[in-house]
Amino acid sequence: MPLEPPALPPEITVFERGWLSANNVLFHGHGATVLVDSGYCAHAAQTVALVESGLQGRPLDRLLNTHLHSDHCGGNAALQARWPRLITHIPPGQWDQVQAWDPVALSYEPTGQDCPRFRADGRLMPGSEVALGGSAWQVHAAPGHDPHAVLLFEPRARVLISGDALWENGFGVVFPELDGAHAFADVGATLDLIEQLDPLTVIPGHGSVFGGVPAAIARARRRLAGCLAPGEAGELAFDHAADAGELGHQAGVGLLQFAHARAAVKALRHARAKFAHGRRR
Ligand SMILES: [Zn+2]
């Protein structure tokens, strides 16, 4: 039987969401109120309602995103509309694409997903700290599932907000065609980082809060070893997408999403190259 994870500090509420929305982590203790990740846009009204109920009349002051996949930032626009003074911080890697609002480079158009345009006010810099709920949380780069992702770690209570870098049974889908074998090496390096941080409790992007982190890391490493087996990388990634369905999500939706993404990878790579070329000029 899996061990119960240690209780979270009382100023943290996790809204565990259904597919396709990522979980939302609300800090409602002393200091500024903060939400980490905002779910998919189809559930944005529910996200706003959950946050409103959690804040009990207080405004939402800050919004952070672990990465900019549409299931993690699709509620940003609705939250910004509800609380116009909301300050939004994103990982630095896609700052320019958000400022210019390029839905192709941001992967929304090629993956057939919607993400209403939102405003970014600041960068969540790896190596820095952010004050969340009266504690200092470290920001770490967490490439692999997404090359620009960050994770957040609070070293006293040893709580990790992992995004899609580590789930209880694996990690978010990696698209090898998109980022090359490099992406899998990055997944491994990010697992090494999490092992060093040694969290007691993980708040993942999808699924329940969990403890027993060494065992979860071992499961993720086994999955990664499967992805790294020679040849057939695409098929293995497809298996991996099927595994993501195990999480209790509707596997059909996950696979459909994956198929969309796979078909559009070329377009996305092309768009990225074009974007990089445009920036050099
Ligand atoms: Zn993701």
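**Helix H6**

I started with H6 and listed its buried residues: Ala 183, Phe 184, Asp 186, Val 187, Thr 190, Leu 191 and Ile 194. They sit on the same side of H6, because they cover an arc of only 155° around the axis. My terms, for the record: buried means 20 or more other C-beta atoms within 10 Å of a residue's own, exposed means 12 or fewer, and partly exposed is in between, with C-beta atoms placed from the backbone. The arc is that of the directions from the helix axis to the C-beta atoms. Helices (H or I, at least four residues) and strands (E, at least two) are DSSP runs, numbered from the N terminus.

I then looked at the face of H6 turned away from the buried side, and found the exposed residues His 182, Asp 192 and Gln 196 there. For the length, I took 1.5 Å times one less than the number of residues as the expected span. The 16 residues of H6 should span 22 Å, and the end C-alpha atoms are 23 Å apart, which agrees.

**What I am working with**

This is a predicted model, in which local features need pLDDT of at least 70 and side-chain atom pairs count only at pLDDT 80 or more, while totals for chains, interfaces and linings use all residues. Residues are numbered from 1 along each chain as its sequence is written. I noted that pLDDT is the predictor's confidence in each residue, from 0 to 100. The protein averages 84, and 78% of the residues score at least 70. Over residues 231-256, pLDDT stays under 50, and the model has 41 contacts beyond four places in sequence for them. A contact here means two C-beta atoms, placed from the backbone, within 7 Å.

**After H6: Asp 198 and strand E11**

What follows H6? I found Asp 198, with a positive phi near 60°. Asp 198 lies in the loop between H6 (182-197) and E11, and it is partly exposed, with 13 other C-beta atoms within 10 Å.

In E11 (residues 201-204), Thr 201 and Ile 203 point one way and Val 202 and Pro 204 the other, and all are buried. E11 pairs with E10 (residues 159-163) in the parallel sense over four bridges; for pairing, DSSP has to find at least two bridges between the strands. I checked Leu 160 as well, and its bridge partner in E11 is Val 202.

**Val 209**

Val 209 is in the loop between E11 and H7. Is it buried or exposed? I get buried, with 20 other C-beta atoms within 10 Å. Leaving out residues up to four places away in sequence, Val 209 touches Pro 5, Leu 8, Val 14, Thr 201, Val 202 and Ile 203. Ala 7 is 202 residues away along the chain, yet its C-alpha is 9.5 Å from that of Val 209.

**Helix H7**

H7 (residues 213-228) has 16 residues and reaches 22 Å from first C-alpha to last, close to the 22 Å expected. I listed Val 213, Ala 216, Ala 220, Arg 223 and Cys 227 as its buried residues. Their arc is only 85° around the axis, which puts them on the same side of H7. On the face turned away I found the exposed Pro 214, Arg 222 and Ala 225.

Most residues other than glycine have a negative phi, and most peptide bonds are trans. I flagged Asp 37, with phi near 70°, in the loop between strand E3 (34-36) and helix H1 (44-55). Asp 37 counts as buried, with 28 C-beta neighbours inside 10 Å. I also flagged the cis peptide bond from Trp 19 to Leu 20, with omega near 10°. Leu 20 is in the loop between E1 (12-15) and E2 (24-27).
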